[in-house]
Amino acid sequence: MNIAITGASGFIGRRLLKILAKDGHKLHVLSRHAGTNLPNGVRLSVWDAMKGPPPLDALRDATAVIHLAGEPVAQRWTADAKRRIRDSRVLGTRHLVAALEQLPQRAEVLLSASAIGYYGSRGDEILTEDSPPGAGFLSEVCAAWEKEAAAAEALGVRVTRLRVGMVLDPRGGALQRMLPPFRLGLGGKLGSGSQWTSWIHLEDLAALFRFALDRPAGAVLNAVAPNPVTNSHFTRELSAALRRPAIFPVPALALRAIFGDMAEVLLASQRVVPQAAQAAGFQFRFPQLAGALANLLRK
Ligand SMILES: NC(=O)c1ccc[n+]([C@@H]2O[C@H](COP(=O)([O-])OP(=O)(O)OC[C@H]3O[C@@H](n4cnc5c(N)ncnc54)[C@H](OP(=O)(O)O)[C@@H]3O)[C@@H](O)[C@H]2O)c1
């Protein structure tokens with residue numbers, strides 16, 4: 001397959017790119033940086049998602065497009081950061097679809113990242129792909145972002161939006177940030193610890209992208225493992241995996257003082273299940289947190 005991929009220099013994209021290159025796909029990366037370090041044979045076009053549509057040459061041969069680009073969410077949410085978080089996704093996806101529209105022969109499939117932030121904070125409610133969106137900044141961003149991606153359906157493109165949960169790998173994302181304090185025995189639950197965390201092993205996420213490339217797996221897929229846990233449970237499992245105590249809870253007030261509105265992400269309760277992926281026959285290699293952490297921390 002010829003696959004165009006945005007956000008390939010990021011935490012998820014780097015891994016996905018390696019796997020897709022190994023599978024023998026022809027890859028074309030769209031990045032803001034010409035100097036991005038790429039595996040052999042991967043082509044590159046410079047594109048800034050916020051500035052306008054990508055060069056058509058980057059998409060002309062593509063049979064599939066994987067869209068991951070977006071300003072990092074895990075930063076202090078100043079007004080400017082919020083604008084970049086929203087515009088890089090909503091305008092960026094609009095620009096990408098506008099370029100697809102201009103091509104006489106366009107990609108058959110678009111896999112577009114979204115996030116479980118779509119659901120907002122929902123207590124103990126079990127959330128499937130059919131659950132309505134929640135409230136709050138991230139929920140609004142995700143709904144608008146997904147709407148832009150879904151617009152490609154009208155062009156005859158099969159679109160799958162992947163609502164990604166907390167991706168686990170020690171080389172990036174949330175786990176990389178958690179490891180230093182937990183390794184020092186300074187970890188602890190966040191807020192009350194009763195909030196649900198829906199996580200996924202990076203290898204399962206990459207496998208789910210490949211699965212959705214190959215078959216119509218659903219317009220929306222919750223990209224999370226089948227067994228979400230509470231933050232207290234996560235804290236216990238991580239400290240057990242590292243054989244360290246985790247007795248320093250971080251109060252919600254402190255999180256809000258440190259992270260501002262971004263604390264919303266850390267304190268949100270999202271009990272999300274991968275109903276559509278499992279109904280389509282996707283098998284998780286790491287369905288349970290203990291097994292996922294044992295695998296990840298062994299590396
Ligand atoms: N990691 C997670 O746990 C998680 C959870 C839920 C959802 N997601 C979503 O999945 C996607 C990929 O996640 P990730 O963790 O791999 O992200 P990441 O490491 O932050 O990488 C995202 C990529 O997007 C591009 N980018 C960054 N800021 C940008 C901006 N202002 N405008 C345009 N492009 C920008 C960069 O590519 P270039 O520098 O090459 O242009 C970057 O490598 C994101 O949309 C994220 O929201 C991730």
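In this predicted model, α1 supplies five residues to the lining of the second largest pocket, the largest share from any element. That pocket has a volume of about 310 Å³. Its lining comprises 14 residues, and those closest to the pocket centre are Ala-8, Phe-11, Arg-14, Arg-15 and Lys-18. Sorted by class, the lining of the second largest pocket holds six nonpolar, three polar and five charged residues.

The ligand is surrounded by 25 residues, of which Ser-9, Ile-12, Ser-31, Glu-71 and Arg-89 are the closest. By class, this shell contains 13 nonpolar, nine polar and three charged residues.

| Residue | Protein atom | Ligand atom | Distance |
|---|---|---|---|
| Ile-12 | backbone N or O | oxygen | 2.8 Å |
| Gly-70 | backbone N or O | oxygen | 3.1 Å |
| Arg-89 | polar side-chain atom | oxygen | 2.8 Å |

The ligand taken alone exposes 880 Å², and 85% of that area is buried by the protein. The largest share, three residues, comes from β5.

Definitions and conventions. Residues are numbered from 1 along each chain as its sequence is written. This is a predicted model: local features need pLDDT of at least 70, side-chain atom pairs count only at pLDDT 80 or more; totals for chains, interfaces and linings use all residues. Side-chain values use heavy atoms; hydrogens and water are left out. A residue is near a molecule or strand if one of its heavy atoms lies within 4 Å of it. A polar contact is a pair of N or O atoms within 3.5 Å; within protein, one must be able to donate a hydrogen and the other to accept it, and residues adjacent in sequence count only if both atoms are side-chain atoms. Accessible areas come from the Shrake-Rupley method with a 1.4 Å probe; for residues, only the protein chains shown count as cover. Helices (H or I, at least four residues) and strands (E, at least two) are DSSP runs, numbered from the N terminus. Ala, Val, Leu, Ile, Met, Phe, Trp, Tyr, Cys and Pro count as nonpolar, Asp, Glu, Lys and Arg as charged, and the others, Gly among them, as polar. On a 1 Å grid over the protein atoms alone, a cavity is a set of points where a 1.4 Å probe fits but cannot get out, and a pocket is an open set with protein on both sides within 12 Å along at least five of seven lines; lining residues have an atom within 4 Å of a point. Grid points are joined across faces, edges and corners, and a volume is the space filled by probe spheres set on the points.
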